[in-house]
Amino acid sequence: MIRATNPFANYTLAIAAQYSETKHGIEEAEKLPARKIYRSLDAMLEECVFLGATRFGTNFIA
């Protein structure tokens with residue numbers, strides 16, 4: 001952190017640094033997790049039978 005001779009500048013710099021850290025934390029929290037990729041239908045069904053309905057529609061029958 002940069003220290004200035006003016007006490008008001010130190011106060012302003014502290015607020016700016018805290019804002020920057022908060023902004024970075026919010027950006028990290030809003031990142032979506034990586035989407036899981038299934039290479040085959042069998043691999044997907046091994047994890048959950050109901051996953052096929054969300055992926056291929058409600059008429060999907062395993």
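## Fold

The protein has three helices and zero strands. Both are DSSP runs, numbered from the N terminus: helices are H or I with at least four residues, strands are E with at least two. Along the sequence the pattern reads α-α-α.

## Model and confidence

This is a predicted model; local features need pLDDT of at least 70, side-chain atom pairs count only at pLDDT 80 or more, and totals for chains, interfaces and linings use all residues. Residues are numbered from 1 along each chain as its sequence is written, and side-chain values use heavy atoms, with hydrogens and water left out.

Mean pLDDT (the predictor's confidence in each residue, from 0 to 100) is 78 for the protein, and 71% of the residues score at least 70.

## Surface

Of the 62 residues, 6% are buried. Buried means under 20% relative accessible area, exposed over 50%, and partly exposed in between (1.4 Å probe, protein chains only). The protein exposes about 5800 Å², 60% of it from carbon and sulfur atoms.

Phe8, Tyr11 and Ile15 form a nonpolar surface patch, together giving about 370 Å² of accessible area. Phe8 lies in helix α1 (residues 7–29). Phe8 counts as exposed because its relative accessibility is 59%.

## Salt bridge

The whole structure holds one salt bridge, defined as a side-chain nitrogen of Lys or Arg within 4 Å of a carboxyl oxygen of Asp or Glu. Glu28 and Lys31 pair in a salt bridge at 3.3 Å, N to O. Glu28 is partly exposed, at 41% relative accessible area. Lys31 is exposed, at 55%.

Notes
Patch = residues over 30% accessible without salt bridge, like charges linked within 9 Å, V, L, I, M, F, W, Y side chains within 5 Å. Areas by Shrake-Rupley, 256 points an atom, 1.4 Å probe, with all protein chains shown as cover.
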